[in-house]
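Please keep the sequence and the structure open while reading.

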Amino acid sequence: MGHKSNPIGLRLQINRTWDSRWYAEGGEYARLLKEDIEIRKHIVESLPQAAISKVVIERPAKLCRISIYAARPGVIIGKKGADIEKLRTKLATMTESEVKLNIVEIRKPEIDAKLVAQGIADQLVRRVAFRRAMKRAMQSAMRLGAEGIKIMCGGRLGGAEIARVEQYREGRVPLHTLRANIDYAEAEAKTAYGIIGIKVWVFKGEILGHDPMSQDRLMMEAQTSGVRPAR
C-alpha cells in the first residue's frame, strides 16, 4: 500500500507554517481549538460566494486576529463595510477574545490550489464534463505562472456505474523536494450520482533557505495592495 503524506504537513516548519498560530496548555488548548474549528466553519459556510482560500487565526494576548484570504473580498466587506461588521459581531460571540478581521485579496485565484479544486467541484455539480473542467483549470494555472499542476478526480465520474480515479499533470510537480513551494488542497463535488473527490497540487517554484513564514510572505508581497486593515 502507498504511504502518501500531505504536502502541507510535510513542509511545516520548512517553508510554511500553521494556519492557527497560538500557544495554549491543558484544557485551554481544547477550548481554543474548538473555537478555531467553529470560526472557520462559520466563515466558509456563511460566505460561499467569496471564494475563500484559507482562514489564518492568530491569538496574541487577549486578541483573536482572523485573516481571511479570498478572491472576492467585496462580497465579505459589503456596501460601506456593513457585511464585515456583521461578520465581526457574529465571530465575537463565538470566542472570548476581542476579534480583529483582516481581508486579504488573492490576486491570482487560478494558481491557488483550494480555489482551483473548488472551481472544478462547482463545475462538476453543474454537470460540466470532468475532463474539460480539469484541463481548463490546468491551462489557466500554467498561463498565470504556475510551474506545474496536478489534478486528480475520484468517484463516479460522468455518472459511471463503477467509481474510478483519473488524473492529469502539466509541468513538474516535485512532491519529494522539500524546498518546493507546493500548494495542495482537496474539495468535494456532491453530484446526483454521489460525491466526487478532487485533489489539486500546484507547484509555484522553489524557496531557498529554511523559513517557515516564507510562503505567507511571498503571498503577502504578491498581494500587498490587496490587504485591508484590521477592523
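The sections below describe selected features of this chain.

## Model and domains

The model is predicted. The domain assignment divides the chain into domain 1, residues 9-105, and domain 2, residues 109-221. Between the C-alpha centres of domain 1 and domain 2 the distance is 23 Å.

## Helix H4

Helix H4 runs over residues 82-92, and its buried residues are Ile-84, Leu-87 and Leu-91. Around the helix axis they cover an arc of only 60°, which places them on the same side of H4. An α-helix makes a turn every 3.6 residues, so residues three or four places apart point the same way.

## Helix H6

Helix H6 takes in residues 130-143, which makes 14 residues. From its first C-alpha to its last it reaches 20 Å, close to the 20 Å expected at 1.5 Å a residue. Its buried residues are Phe-130, Ala-133, Met-134, Ala-137, Met-138, Ser-140 and Ala-141. Viewed down the axis of H6, these buried residues fall within an arc of 165°, so they line one face of the helix.

The buried residues of H6 pack against helix H5 (113-125) and against strands E5 (148-155) and E6 (164-171). Arg-132, Gln-139 and Arg-143 are exposed on the other side of H6. Just after H6 comes Gly-145, with a positive phi of about 105°.

## Aromatic pairs

How many aromatic pairs does a search of the whole structure find? The search finds two. Trp-22 and Tyr-29 form a tilted pair, with 5.4 Å from centre to centre and 55° between the planes. Trp-22 counts as buried because its relative accessibility is 17%, under the 20% cut-off. Tyr-29 has a relative accessible area of 41% and is therefore partly exposed.

Tyr-184 and Trp-201 also pair: their ring centres are 5.2 Å apart and their planes stand at 45°, so this pair is tilted. The pair links distant parts of the chain, as Tyr-184 belongs to strand E7 (residues 180-191) and Trp-201 to strand E8 (residues 194-206), 17 residues apart. Tyr-184 and Trp-201 are both buried.

Where is Met-213 found? Met-213 is in the loop between E8 and helix H7 (214-222). With a relative accessible area of 32%, Met-213 is partly exposed, because this value lies between the 20% limit for buried and the 50% limit for exposed.

Which residues is Met-213 in contact with, leaving aside its neighbours within four places in sequence? The contacts are with Thr-17 and Arg-21. Thr-17 is 196 residues away from Met-213 in sequence, yet the C-alpha atoms of Met-213 and Thr-17 are 5.9 Å apart in space.

Key. Residues are numbered from 1 along each chain as its sequence is written. This is a predicted model: local features need pLDDT of at least 70, side-chain atom pairs count only at pLDDT 80 or more; totals for chains, interfaces and linings use all residues. Side-chain values use heavy atoms; hydrogens and water are left out. Domain bounds come from an automatic or database domain assignment. Helices (H or I, at least four residues) and strands (E, at least two) are DSSP runs, numbered from the N terminus. The expected span of a helix is 1.5 Å times one less than its number of residues. Buried means under 20% relative accessible area, exposed over 50%, partly exposed in between (1.4 Å probe, protein chains only). The arc is that of the directions from the helix axis to the C-beta atoms. Contact means heavy atoms within 4.5 Å. Rings of Phe, Tyr and Trp (its six-membered ring) pair if their centres lie within 6.5 Å; planes under 30 degrees apart count as stacked, over 60 as edge-to-face and the rest as tilted.
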